[in-house]
Amino acid sequence: MALDNFRPFVPANETRPELTLRALLIGALFGVLFGAVTVYVGLKAGLTVAASIPISVLSISILRAFGRSSILENNIVQATGNAGQSIASGVIFTLPALIFLGFDLEAARIFALALFGGWIGVLFMIPLRRQLIVEEHGTLTYPEGTACADVLIAGEKGGSFASRIFLGLGLGGVYTLFQNENLFGLFPGTPNYQPDYGPQHLLRGSAIRADVTPEYLGVGYIIGIRVAAIMLAGGVFSWLVLMPAIVFFGGHLQGPLYPGTVPIMQMSPSDLWRTYVRPMGAGAVACSGLITLLRTAPTIVNALTAGFRKKGGSATISAEEKASRVEHDIPMKWVGLGSVALVVLMVLFLQMKPVPGAQVGLLANIAAAVLVVIFGFLFVTVSSRIVGIVGSSASPVSGMTIATLMATAAIFLVKGWTAPAFGALAITVGGIVCIAASNAGDTSQDLKTGFLIGATPWKQQVAIMVGVVVSVFSIGATLNAMNTGLETFQKMPTPRVLDLGALPQGVSSNGNFTRTHIEVMSHDAAGHQSKQPMEGMRSYILLNAIGSSVLEDGKYLYNPATGQAEIQWVQGIGSEKAAAPQGRLMATVINGILTRKLAWGLVMLGVALVIVVELLGVRSLTFAVGAYLSIGTTLAIFVGGVMRWMVERALEKHRETHPIAADELASEEISPGSLYASGLIAAGGIVGLLGVCVKLYENLKETTIWRFPESNPLHNDWVSVIGFALLAFSLYYFARKPLEQKKEQ
């Protein structure tokens, strides 16, 4: 639609309730909730799902229950709440790299970096709003923003959609209570089959497993069969081709094969994945991210040139337009002052509160702030424009972050800043830029929604900044909670004899372990797991290994009585349950440039794999993420994609015989399947986080709550498969059931 003929849903000369206290409070609540859910699902699945439409649908029903609501109020709710999802996406893609670099995550650091990045994303985007959203209305479609506007307008006209989300939330929540091993654990959360056939041990090292969670089912439905199938293809290659090949070719070795520290025949499939697949997968993700960035380079160049070319054009606003409510942005004076204040606060924070064990000088901190401004302005501009063309889900934010990290690390290398502390500083720069680019893209989508419905821009911008402040609290808490709540202590198959007085290079002592009671997991020859409680752990010494040829990267418990490292402390983030592929990728990039201590053979295998996939005509980024993740994740997501395919096939057949009835399901933006799937995602995230909190309580109190024992008759893999199949059928059923359309009187 041409701009001359465009009229917003709410006329510019009409005033309705908009930036109300209740809208901000409800939006802030959604920001906290969906920020936490995004962290939980994103760390586990390696991808995120847009939250603006579910928030809009829920807002319509909630505000309607409080009395007559305004479409502009509902828009403020979704803008405030959606900030949590966009900030969380940027955080989980980068800041977990601190763990992989050997540093601890601190809630205060996550809060500060997320706040800096989130506000930079909003402030740097404000000067671009008129040019991108208004002047290029017919050129830049902003698909998510347009879809959200359609939902808000439909809700204003009387459409009722929230019941389908609440249904998914209820059924998914009850299912998760019994499925989650941190809660009731009635049946296994991950049914597992490990092939090992005949005297030649055919397919030994492989595994077929699925994390039967509702959030994976919902994610698979939303992304569709094509993307889900490509992800599963990557998982099949890693778990059913590469890992058995490693055992086949290396199983005869008596000693370990680098970067492993134990013989291959002593490794479980999870050990093989952690040791050999993750470095290869990180190389694949890095290469595919750069290819994605190069593929979108023309669009990025056009975005920048168009921005500079039209920079002056947006200032020519008529007096009538200046007086219009829908043209009021936050004044440029405050944008400039706010940006300068953020840069100063950033330098002060880096100087006064460095990463523990990573103190650098004032010059380096100032250089980091300057790089944030340069790359932040560049990629906020690119992200704000490119999401208008391809949408937020396809925006190459990870590629922009890789480019930022490579440039930053290269500058540090030239300056001779190669100590581990500068790796932490580099990820700080990359993290802030990634969060800024992610939030700028979603801010653009929100402002497009506001433009279509007739919202007041400055009120939206204030609401987004409020959403940033509120949501960062839950994001940091969730990140740390998952790192602790999903951790495991694993008995080492072969304890390592070490001399505390002369530790190997790359291994350091962190003092005595602070807990008394832990549960240690061990594996028997058949691969079966068992847990054994251990007391008196305060006598153990905590060791940290980074870049060692003796121990894999990670933390270990050393027993002074035996002189051996006996237990590996597997952090929750980076484990099979929360793989955090993007964070691992960022750590790999920094390590590769600054320390050059990588398993380059495996990294280059991943690069070669991506080249093969690209030559086949398949977009490699999805395949690479699937190759990195556990097959337990990709297989469960694939089931959701199959449900989407089955629903679409059923609707096509129904449309042939009942065209009028089938039209009720024609709008995908507000389809009942997508709403039900959103409810499943929220249920899995919320109840899963409840399980993490229970685990934290157990660690804090050094106690164990009651759960169904593993000896109960329903603790069987087939029960898990049947339960997940029933949940998938509920998705198939409710996705084909039309929504009720209620008209207000």
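**Notes on the predicted model**

1. Histidine 201 sits in the loop that links strand E1 (192–193) and strand E2 (208–209). This is a predicted model, so give the backbone here a look: phi of histidine 201 is near 55°, a positive value in a residue other than glycine. With a relative accessibility of 37%, histidine 201 falls in the partly exposed class.

2. Alanine 580 is another spot to check, with a positive phi of about 50° although it is not a glycine. Its place is the loop between strand E9 (564–570) and H18. Is alanine 580 buried or exposed? Its relative accessible area is 1%, under the 20% cut-off, so alanine 580 is buried.

3. Helix H18 (residues 581–594) comes next. H18 is mostly covered, with 14 of its 14 residues buried. Just after H18 there is a positive phi of about 55°, at arginine 596.

4. Helix H5 (residues 107–125) passes the length check too: 19 residues at 1.5 Å each should give 27 Å, and the end C-alpha atoms are 27 Å apart. As for cover, 15 of the 19 residues of H5 are buried, so the rest of the structure largely encloses this helix.

5. On to helix packing. Helix H1 (residues 21–45) and helix H23 (residues 672–701) have axes that come within 9 Å and cross at roughly 80°. That angle lies in the 65 to 115 degree range, so H1 and H23 are roughly perpendicular to each other. On the H1 side, the contact is made by Leu33, Ala36, Val37, Tyr40 and Val41. H23 contributes Ile681, Ala682, Gly684, Gly685, Ile686, Gly688, Leu689 and Val692. By type, the residues of this contact split into ten nonpolar, three polar and no charged.

6. Which residues touch the most other members of the largest nonpolar core? They are Leu43, Val91 and Leu479, in a core of 179 residues. Helix H16 (residues 420–453) gives the most to this core, with 18 residues. Apart from this core lies another one, of 22 residues, among them Ile53, Leu63, Ile76 and Leu675.

7. Setting aside residues up to four places away in sequence, leucine 43 touches Thr38, Ile92, Pro96, Leu479, Met482, Ile573, Ala578, Ala579 and Ala580.

8. Tryptophan 239 belongs to helix H9 (residues 214–250). At 0% relative accessibility, tryptophan 239 counts as buried. What is tryptophan 239 in contact with, leaving aside its neighbours within four places in sequence? The list is Ser206, Ala207, Arg209, Pro244, Pro269, Trp273, Glu576, Leu629, Ser630 and Ile631. The C-alpha atoms of tryptophan 239 and histidine 252 are separated by 20 Å, with the two residues 13 apart along the chain.

9. Last, a peptide bond to look at: the one from tyrosine 258 to proline 259 is cis, with omega near 5°. Where is proline 259? It lies in the loop between H9 and helix H10 (269–295).

Note on methods: Residues numbered from 1 in each chain as written. Predicted model: local features only at pLDDT ≥ 70, side-chain atom pairs only at ≥ 80, totals over all residues. Heavy atoms only, no water. Axes fitted to C-alpha atoms, helices over the stretch in contact; angles between N-to-C directions. Helix = DSSP H or I, 4+ residues; strand = E, 2+ residues; numbered from the N terminus. Parallel < 35°, antiparallel > 145°, perpendicular 65-115°, else oblique. Contact = heavy atoms within 4.5 Å. Nonpolar A, V, L, I, M, F, W, Y, C, P; charged D, E, K, R; others polar. Core = buried A, V, L, I, M, F, W, Y, C linked by side-chain atoms within 4.5 Å. Buried < 20%, exposed > 50% of the residue type's maximum accessible area, 1.4 Å probe, protein only. Expected span 1.5 Å × (residues − 1).
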